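Work through the exercises below with the sequence and the 3D view open. Try each task before reading its solution.

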Amino acid sequence: QNDPVPEGLTPEQQKLFLGCEACMWAEQIDDFNFDQRLWFRGNIFGERLWSFNMSDRTDVLMRVLKQNCRLLQRGLKCTMFDIQPRRDLRRVCELLLPPQ
């Protein structure tokens with residue numbers, strides 16, 4: 001099990017640990033690109049915190065790709081991320097996930 005509590009804390013300090021938070025800010029964030037950046041980066045942040053094995057890059061990339069497909073299926077404007085550039089991600093999503 002992956003435990004996001006930082007190492008080196010005393011048991012008393014560990015009891016105070018509530019979780020993790022990701023913030024997003026930039027000079028060029030607006031209504032048009034907010035979702036694209038937020039959802040993709042949040043997905044990677046979650047993988048980093050709670051994945052059991054980050055050393056298998058292919059496995060991590062496939063989970064991120066599938067999550068991007070889920071976001072697209074739900075109508076969110078997430079970043080078009082794929083392992084192979086210039087591939088039509090919507091067609092890849094049709095193969096990876098059942099239609100809703």
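## Exercise 1: Salt bridges

The side chains of Glu47 and Arg63 form a salt bridge, with N and O 2.7 Å apart. The model is a predicted one. Task: find which parts of the chain this pair ties together, and which residues are linked with the pair in a network.

Solution. 

Step 1. Classify each residue by its relative accessible area. Glu47 has 11%, and because buried means under 20%, Glu47 counts as buried. Arg63, at 27%, is partly exposed. Asp59 is partly exposed too, with 35%.

## Exercise 2: The disulfide

Task: determine which cysteines are joined by a disulfide, and whether these two are buried or exposed.

Solution. 

Step 1. Recall the bond type. A disulfide is a covalent bond between the sulfur atoms of two cysteines.

Step 2. Find the pair. The count is one disulfide, and it joins Cys69 to Cys93 with an S to S distance of 2.1 Å.

Step 3. Describe the link. The angle about the S-S bond is -85°, and the link of Cys69 and Cys93 is left-handed. Cys69 is in helix H3 and Cys93 in helix H4 (residues 89-96), so the link ties together parts 24 residues apart in sequence.

Step 4. Check burial. Cys69 and Cys93 are both buried. For two other cysteines the values are as follows: Cys20 is partly exposed at 35% relative accessibility, while Cys23 is exposed at 52%.

## Exercise 3: Core and surface patch

Task: list the residues of the largest nonpolar core, and say which residues form a nonpolar patch on the surface.

Solution. 

Step 1. List the core. It has six residues: Cys69, Leu71, Leu72, Cys78, Cys93 and Leu97. Helix H3, residues 57-73, gives the most to this core, namely three residues.

Step 2. Leaving out residues up to four places away in sequence, Cys78 touches Asp35, Gln36, Trp39, Asn68, Leu71 and Leu72.

Step 3. Turn to the surface. Phe34, Leu38 and Trp39 form a nonpolar patch with about 240 Å² of accessible area together. Leu38 lies in helix H2, residues 34-50, and is partly exposed at 30%.

## Exercise 4: The whole chain

Task: state how many helices and strands the chain has, and what share of its residues is buried.

Solution. 

Step 1. Count the elements. There are four helices and zero strands, and from the N terminus on the order reads α-α-α-α.

Step 2. Of the 100 residues in the chain, 21% are buried.

Step 3. The accessible surface of the chain is about 8,100 Å², and 52% of it belongs to carbon and sulfur atoms.

Step 4. Consider the contacts. Among those between residues at least 6 apart in sequence, 51% join residues at least 24 apart.

Terms used. Residues numbered from 1 in each chain as written. Predicted model: local features only at pLDDT ≥ 70, side-chain atom pairs only at ≥ 80, totals over all residues. Heavy atoms only, no water. Core = buried A, V, L, I, M, F, W, Y, C linked by side-chain atoms within 4.5 Å. Buried < 20%, exposed > 50% of the residue type's maximum accessible area, 1.4 Å probe, protein only. Helix = DSSP H or I, 4+ residues; strand = E, 2+ residues; numbered from the N terminus. Contact = heavy atoms within 4.5 Å. Disulfide = S-S within 2.5 Å. Patch = residues over 30% accessible without salt bridge, like charges linked within 9 Å, V, L, I, M, F, W, Y side chains within 5 Å. Areas by Shrake-Rupley, 256 points an atom, 1.4 Å probe, with all protein chains shown as cover. Salt bridge = Lys/Arg side-chain N within 4 Å of Asp/Glu carboxyl O.
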